[in-house]
Every structure is written in structure tokens, then in C-alpha cells.
Amino acid sequence: MKDIARQLMSIKVESMDMLNAQIQMEGKASASYLAMASWCDQHAYLQSAEFFYHQASEERSHMMKIFKFINDCGGNAMSPEITQINHDFSSLEEIFETALSQEVEVTKAINRIVAASKKNNDYAVENFLQWFVKEQLEEEKTMRDILDLFEIMGRDGIALKLIDERIKVE
Amino acid sequence: MHPMEIIHSSRFYSFFQSDKERCFYIDLGQKTVRLSFCQLLSLRQKIRNIDIEDHFDGDGNKHGFEILALCNKEHLFILNTHEILDLKELLVGAFLVLDMGLSTSSIPQKI
Ligand SMILES: [Fe+2]
Ligand SMILES: [Fe+2]
């Protein structure tokens, strides 16, 4: 018997499933950042709005990276259905807190796939995800640094304005 | 049809590979369907996405039937709960034999 399936796909099907779930997660992160950008825009936090527009497009590019990888490996990448995006926030700080916890969730999900791919000897997947492991460290740090500003500068109107001005799109 | 090798059988169905055509066949009882590898992956994803819990919950899927469109809607099947579960079993087993799957799956069923 020929190894037809293996010739047509380079990764395990379970890896593909997990990567498809990750596509969904990155897509949702992108949509969620877009909602945050909108809130910031409406509340005249213009630098923060720019920041989140940029984050939204970065998350989409993460999604596309995984999408292409699955298809390049001969798998079947699935376009995600994205629902239930939260648009309600009570403060700028809450937005960045939400952003950080979202990033932490993404890091955990990436780590789970890395762990599984190691266990399953799916080294191509493990190797592919190394970039994401590094990226997540940076993303978490960015959000933490911004949250530190609230500790340093306070939370009154003027402080929030100053914090917003310090937020830069990398 | 070219000679085929049987890969895996479940209670109702059988899964075959044709080396010559580089494709797969599933004998679904009513008919035998030819699938390319892509079509096989897409069938597997459709089956995985079926929420079988719905079949046992009055409001979800009252009748417990699923309509399954295969190979870009070339074939339509109506399967009941038992048949869906059996088809799931068939595909898990087949991917295992094809050395594309894992014997112990730690991955959640639904995305
Ligand atoms: Fe991301
Ligand atoms: Fe991110």
C-alpha cells in the first residue's frame, strides 16, 4: 500500500485541527482589537485607537500565516466564524487589561499546540510555532508596559490624555 | 473501478484506498463515494463539527438527522445519530491506519 495520505499532507491531522482552532483565535483577537479601536476612537483616545487598528491588522496577519501554513502542508485551512465580540468597556485601562488577558490566552493556546506537536513528533509544526512563541512574549510585554503607565501617571482625565499620547504604534 | 485496499471498517461502513488512482473510497451502504484527499479532509471536518449532543437535547436537533453534503455537494446523505457516530469512528480509525492521526487524542472535538 502506498503512503498516499502522507505524501499529500506533511502534518498530523490533529495538528491541523489545533492550527485551525488557532486561526479562529487569531481572527477573534483581530476582531476584538477592532472593537477596542472603535471605543478609543469614539472617546478621543486617538493614539490608542491607532494602536488597536494596528494590532487588529497584526492579528489578521498571524491568522493568515497559520492559514497559509496549513494549506502549504497539504491540509485544509478553515475560514473562521467570528461572533460575540465585546464592544463595551468602562475605561481605557480596562481595554488594555482586556488586551493583556487576551494575549495571555493566546500564549497559552500556542504553548498547548507546541506541547502537543512535541509529543506527537510533529516537528514541522513545532518549528513553525517558534515564531509565535517569541511574538507572544513581545505582545505581552507591550501590554504590560502600557498598563504600568496607569500605575505611574494615575487615572484622572489629564493623566489618561497623557497616557494616550505616549502610546506608540511600533 | 481499480483494485482497492481496505483500510478500515466500522459497523456500517468501509474505507478503501486506491493506490492506482491515488484516492479513497468510502462504502456508505447506499453507495460508494470516491474522495480525493482534500475531499476526505473536508468530510472529516464536517463530521467533527457535528454537535452530537444536539441529538439528545430536545431543542437542538429534534429528529437526530444530519444532512451531509460530500465532494462539493456532489452527493447528499441523510444520516441518523448511530450512523454519524459510526462514520466518526470510521474516519478516526482510517486516519490512524494512514498514519496521519494519533491513537490518544488530547484535542477537543469542536473548535
Ligand atoms: Fe496573534
Ligand atoms: Fe497578539
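Predicted model: local features only at pLDDT ≥ 70, side-chain atom pairs only at ≥ 80, totals over all residues.
Two strands are counted as paired here if DSSP finds at least two bridges between them.

Start at strand β4 of chain B, residues 32–35. Within β4(B), B:Thr32 is the bridge partner of B:Asp27. Four bridges join β3(B) to β4(B), and the two run antiparallel. They form a hairpin with four residues between them. In that turn, B:Gly29 has a positive phi of about 85°.

On its other pairing, β3(B) meets strand β2 of chain B, residues 14–18. These two strands are also antiparallel, and five bridges join them. One of the bridge pairs sets B:Ser18 against B:Cys23 of β3(B). The hairpin of β2(B) and β3(B) has four residues between the strands, and B:Arg22 takes a positive phi near 55° in this hairpin.

Helix α3 of chain A runs over residues 46–72, which makes 27 residues. At 1.5 Å a residue the helix should span 39 Å, and its end C-alpha atoms are 39 Å apart, so expectation and model agree. Just after α3(A), A:Gly74 takes a positive phi of about 90°.

The two chains also touch each other. Chain B gives 25 residues to the contact and chain A gives 25 residues. Between them they bury about 2,300 Å², with 61% of that area on carbon and sulfur atoms. Six residue pairs are in polar contact between chain B and chain A, counting pairs with both residues at pLDDT 80 or more.

How many salt bridges does the rule find across the interface of chain B and chain A? There are two. One salt bridge is formed by A:Asp17 with B:Arg48, whose closest N and O atoms are 3.3 Å apart. On the side of chain B that touches chain A, the elements giving two or more residues are β1 (5–9), β2, β3 and α1 (37–49) of chain B. Of these, α1(B) gives the most, with seven residues.

Definitions and conventions:
Residues numbered from 1 in each chain as written. Chains lettered and ligands numbered in written order. Heavy atoms only, no water. Expected span 1.5 Å × (residues − 1). Contact = heavy atoms within 4.5 Å. Buried area = accessible area lost by both parts, 1.4 Å probe. Salt bridge = Lys/Arg side-chain N within 4 Å of Asp/Glu carboxyl O. Polar contact = N/O pair within 3.5 Å; in protein donor to acceptor, adjacent residues only side chain to side chain.
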